[in-house]
Amino acid sequence: QGKLIGFQHAGLAFLDLRFFEDPRSYRLATYPPPLPDLLAVNGAGPLNLLDEVGYPQDRRVTVEAVRYQFWGPYLDRGVKESPASRAPEADHRTLLVVTGYLASETSAQLRLLAQVAQKGGLAGYDRVLVKPHPDCPVNGILKEVAPDLKVSVVQESLSDLWAQATVVYTANSTSASVEAALMGLPVLVHLVENSFNFSPLWGHSEVVHVATVADLLQGLAYPKTAAVRNDYFCLEKGLPRWQALLRN
C-alpha cells in the first residue's frame, strides 16, 4: 500500500535485454510493463543508458551508489591520485583476474588465460591474482581447464586489490570492470563465445574486449588505460539524495 522504489545498484549493460522494454510499451494505457513507482539510478552512466532506451523520465531519480562509496576520497582528488593508479614498481607487475558468477563464463575466461600463458603472454607479469565471484569458486575450475596455470586465488575485497593491480582482466558480466576503469587501470574484458556482450563497459573508448588468444596477447603486452567518465556513479558524501528520497 506504499511507494515501491527499485534500485539499480551496480552497472547497467546495454545488451542485457532483461532490463529494457520496447519504449512504446511504457506508454500503453492497458497492460503496461510492471514498473516501480520510482527507479533509483546510481549515476550518470546508467542514467544515460536509460535515456537511450526510453525509460520514463518521471519514474526515475538519481541517488548515490552506496555500494561504491569507498571510491569517494579517491575521485575527490582525481583518479590520477588514487592508490590503484600510482606507478607500479618497475620489477613488480601484477595481473588481477576478476571472474564472474557463472561457471561456464569463468571456465571460458580462465581457459583463454591458460592458452595465452602457454604462448608466453604472461612473461611480463610477476604474479597473477584471481579474485573469484562469491557465487562461483574457481579452484575446481582451474584444475579442470587450467591445471598448469600459475596463479594465486585471493579473497580480499576488490577495494583492497585495486592498489596491487597493474592490469585487470575481468569476466564479461561483472561490474568490476567499471570499478577498475574508474580507478585508472587498464581493463581487458573477456567476451564469451556465442553470447551477447553483457559488459557495462560496452561502447566505452579505450576499453579492450578480448575474445581470442591473439586479442588477449595484444592486450596484455600493450595495456591501455580505460576511459570512463568520473561521474559514472554518483558518490556524493553523506547520501543526501537517498535521504531526500526516503523522506518523501
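**Reading burial, helices, strands and cores**

Tutor: Start with accessibility: Gly-120 counts as partly exposed because its relative accessibility is 42%; buried means under 20% relative accessible area, exposed over 50%, and partly exposed lies in between, with a 1.4 Å probe and protein chains only. This is a predicted model, in which local features need pLDDT of at least 70 and side-chain atom pairs count only at pLDDT 80 or more, while totals for chains, interfaces and linings use all residues. Residues are numbered from 1 along each chain as its sequence is written, and side-chain values use heavy atoms, with hydrogens and water left out.

Student: Where is Gly-120 found?

Tutor: Helices (H or I, at least four residues) and strands (E, at least two) are DSSP runs, numbered from the N terminus. Gly-120 lies in the loop between α3 (103-118) and β5 (127-131). Just after α3, Gly-120 has a positive phi of about 85 degrees.

Student: How many residues does α3 have, and what span does it reach?

Tutor: The expected span of a helix is 1.5 Å times one less than its number of residues. α3 has 16 residues and reaches 22 Å from its first C-alpha to its last, close to the 22 Å expected.

Student: Is Gln-109 buried or exposed?

Tutor: Gln-109, in helix α3, counts as buried because its relative accessibility is 0%. Contact means heavy atoms within 4.5 Å. Leaving aside neighbours within four places in sequence, Gln-109 is in contact with residues including Val-97, Thr-99, Tyr-169 and His-190. Other buried residues of α3 include Glu-105, Leu-110 and Val-116. The cover over the buried residues of α3 includes β4, β5, α4, β7 (167-170), β8 and α7 (213-221).

Student: Why is β5 largely enclosed by the rest of the structure?

Tutor: β5 is largely enclosed because four of its five residues are buried.

Student: Which strands pair with β5?

Tutor: Two strands pair if DSSP finds at least two bridges between them. β4 and β5 run parallel and are joined by five bridges, with Val-98 opposite Lys-131 in β5. β5 also pairs with strand β6 (residues 152-153) in the parallel sense, over two bridges, and there Val-130 stands opposite Val-153.

Student: What is the handedness of the crossover from β4 through α3 to β5?

Tutor: A crossover is right-handed if, with the strands pointing away from the viewer, the path from the first strand over the helix to the second runs clockwise. The β-α-β crossover from β4 through α3 to β5 is right-handed. β5, helix α4 (residues 139-145) and β6 also make a right-handed β-α-β unit.

Student: How many residues does the largest nonpolar core have?

Tutor: A nonpolar core is a set of buried Ala, Val, Leu, Ile, Met, Phe, Trp, Tyr and Cys residues joined through side-chain atoms within 4.5 Å. The largest here has 28 residues, and those with the most contacts inside it include Leu-96, Trp-162 and Val-168. Elements giving two or more residues to this core are β4 (94-98), α5 (158-161), α6 (176-182) and β8 (187-190). The largest share, five residues, comes from α6. A second, separate core of 24 residues includes Leu-112, Val-116, Ile-141 and Leu-188.
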